[in-house]
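Please walk me through this model.

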Amino acid sequence: MATRLQFENNCEIGVFSKLTNAYCLVAIGGSENFYSTFESELADHIPVVKTSIAGSRIVGRLCAGNKKGLLLPHTTTDQELQHLRNSLPDEIVVQRIEERLSALGNCIACNDHVALTHTDLDRETEELIADVLGVEVFRQTIAGNILVGSYCAFSNRGGLVHPHTSIEDLDELSTLLQVPLVAGTVNRGSEVIAAGMIVNDWTAFCGSDTTATELSVIESVFKLREAQSSEIVDEMRKSLIDTYV
Amino acid sequence: MTRRPTQRLCGPRTRPFPFSSFGRTTALVASTRRQSSSLKRHRNNILESPGKGYTKKALKDKNIQPESSSEEDDEETIQADFAFFDPRPDDFHGVKILLQSFLDNKQWDLSGFVDLILGQTTVGTVIKIEDAEDDTPFSVVTALNLGRYKKHRCITEIKDFLIKVSQKDVSRDLSMLLEDGAHNVGLLVSQRVVNLPPQLLPPLYDALFNEVSWATEDEPTEELRKSFRFKSYLIATKIYKHKNADQHKKTSKGLSEDPIIYIKPEDEIFQKISSWSFTFKLHTEQVAAQELRNYKLTGLVMAVEADKIPIFRRELHSLIDGP
């Protein structure tokens, strides 16, 4: 199920939040509405952590992560690093990395199995990504843009990429990522997909300018409607099984 | 009929919104080339006046030095031609960014408000760089009839916000304008980038008020024609107020600094001819430049009678174009 929301009249919610299958990071500030929307949707399943990174609110664009780990830029302060380590479950490796390109969220797009990175990323960073996040790393561009983390958003079930991606590129990326991909827009025609929406395997959040058409494309490519129905069955199953003898 | 001689205006080069390194990088990397927008002619005999659709306003041989960023060459001067356009639905994102802080930091139906502005093509202007690859709006100006749009959520939210921040003595005047007199009140919306050349302001406001008067004759229905016969204009804007402005009134010492700095020069003229005005505190985060460290960004609301507008136009011309 996809939810529309705003951060302080700004529809670029992917800038102020980061969503994975194991946790959700949210920027401080703005009204409590932003945080409480995430809490009501996610708090039963995963921790929702309020944080800043490098003293700024653009947490979604500065960090990259999946259910196994979280990568932070070198500009992250010690207190922020400690706060994140404390708030997230121990299985999640929280690592601060020395990388010249410090907006990791713009340079790295990943799910739990594969990561696409900026072509100029350091070799050591590439190894760290493979290590900490447990993914296979590919250096790619999307529709000629090197900021792969900005122009695509993908989960383990599907992905949305820059609207001007060619069919050949779409096929190539789809083969690399092993998920179905669709070229589309978010927030009423914005091409910066990852800034306008965040997604994990069972839910997505988009900026409130997202049209109904864009929302239905998102729900279908990320298989969110199916995810919801299977969740309902799971919940029912828990209540149906009474006792084990 | 001879056309007025056009001159070249040099101004800051188009920069993609937002004015950030990220924005610049993405604009450089993006390979798409947009079509240059078609210019709409508002009236057939437009050649006589510097009216809507196509105006080149410039200053010969005068280069306006833009602020240089650390990434670009020092003191780069750029040629730019600004053109006036009717609002179009494509301008949504640019105009939305310009109006981001219109109602302080309150969360409201900004998207609906922008749609309202862009839907009114007969009155309203957007300034863009002519033939630029990206058609980012640099300025938007319009007048919306509060009565005509009173059912829209954004207009209700604006009204509630203004009533909430108003002080006791003007609240009555304000509510009269907003409730009973709404069908005669035009909300004047004017926002632009801070470094827009001031030479564009007289033609911009002339275009707006000309369009309002043309609309009273040209609109297809009597109801629409009536909706543009504004009796007064309501303006919500921002100024820099000196932090010690109230204290200084009590002492007899002269102020070494101005009590109020107007971000937009026309606001000073508007306030002079306004029927009433009030200021209110803003909650948005303020970036304090060194020169402005003693000043606080403050909201200002004023009402201007429509028959004072010719005075405004005259004073604006003499302020900007000089004696």
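Thr125(B) is buried, because its relative accessible area is 0% and the cut-off for buried is under 20%. This is a predicted model, and that value is computed from it. Thr125(B) sits in strand E2 of chain B. Now look along the chain to Thr142(B). It lies 17 residues away from Thr125(B) in sequence.

Strand E2 covers residues 125–129 of chain B. Its partner here is E1(B), and the two run antiparallel. Four bridges link E1(B) and E2. One pairing to find on screen is Phe85(B) with Val126(B), its bridge partner in E2(B).

Stay with strand E1, residues 82–85 of chain B. Which way do its side chains point? Phe82(B) and Phe84(B) point one way from the strand. Ala83(B) and Phe85(B) point the other way. Are these four buried or exposed? Phe82(B), Ala83(B), Phe84(B) and Phe85(B) are all buried.

Next, go to strand E5 of chain B, residues 232–242. Ser232(B) belongs to this strand. Its relative accessibility is 6%, so Ser232(B) counts as buried.

Now turn to the interface. Here 17 residues of chain B are in contact with 21 residues of chain A. About 1400 Å² is buried between the two chains. Carbon and sulfur atoms give 41% of that area.

What about charged pairs? Two salt bridges are found across the interface of chain B and chain A. One salt bridge joins the side chains of Arg188(A) and Asp115(B), at 2.6 Å from N to O. Three helices of chain B each supply at least two residues of the side that touches chain A: H1 (21–29), H2 (92–98) and H3 (110–119). That side of chain B divides into six nonpolar, seven polar and four charged residues. Polar contacts can be counted too. Between chain B and chain A there are eight residue pairs in polar contact, with both residues at pLDDT 80 or more.

Definitions and conventions: Residues are numbered from 1 along each chain as its sequence is written. Chains are lettered from A and ligands numbered from 1 in the order in which they are written. This is a predicted model: local features need pLDDT of at least 70, side-chain atom pairs count only at pLDDT 80 or more; totals for chains, interfaces and linings use all residues. Side-chain values use heavy atoms; hydrogens and water are left out. Contact means heavy atoms within 4.5 Å. Buried area is the accessible area (1.4 Å probe) that two parts lose on being put together, summed over both. A salt bridge is a side-chain nitrogen of Lys or Arg within 4 Å of a carboxyl oxygen of Asp or Glu. A polar contact is a pair of N or O atoms within 3.5 Å; within protein, one must be able to donate a hydrogen and the other to accept it, and residues adjacent in sequence count only if both atoms are side-chain atoms. Ala, Val, Leu, Ile, Met, Phe, Trp, Tyr, Cys and Pro count as nonpolar, Asp, Glu, Lys and Arg as charged, and the others, Gly among them, as polar. Buried means under 20% relative accessible area, exposed over 50%, partly exposed in between (1.4 Å probe, protein chains only). Two strands pair if DSSP finds at least two bridges between them.
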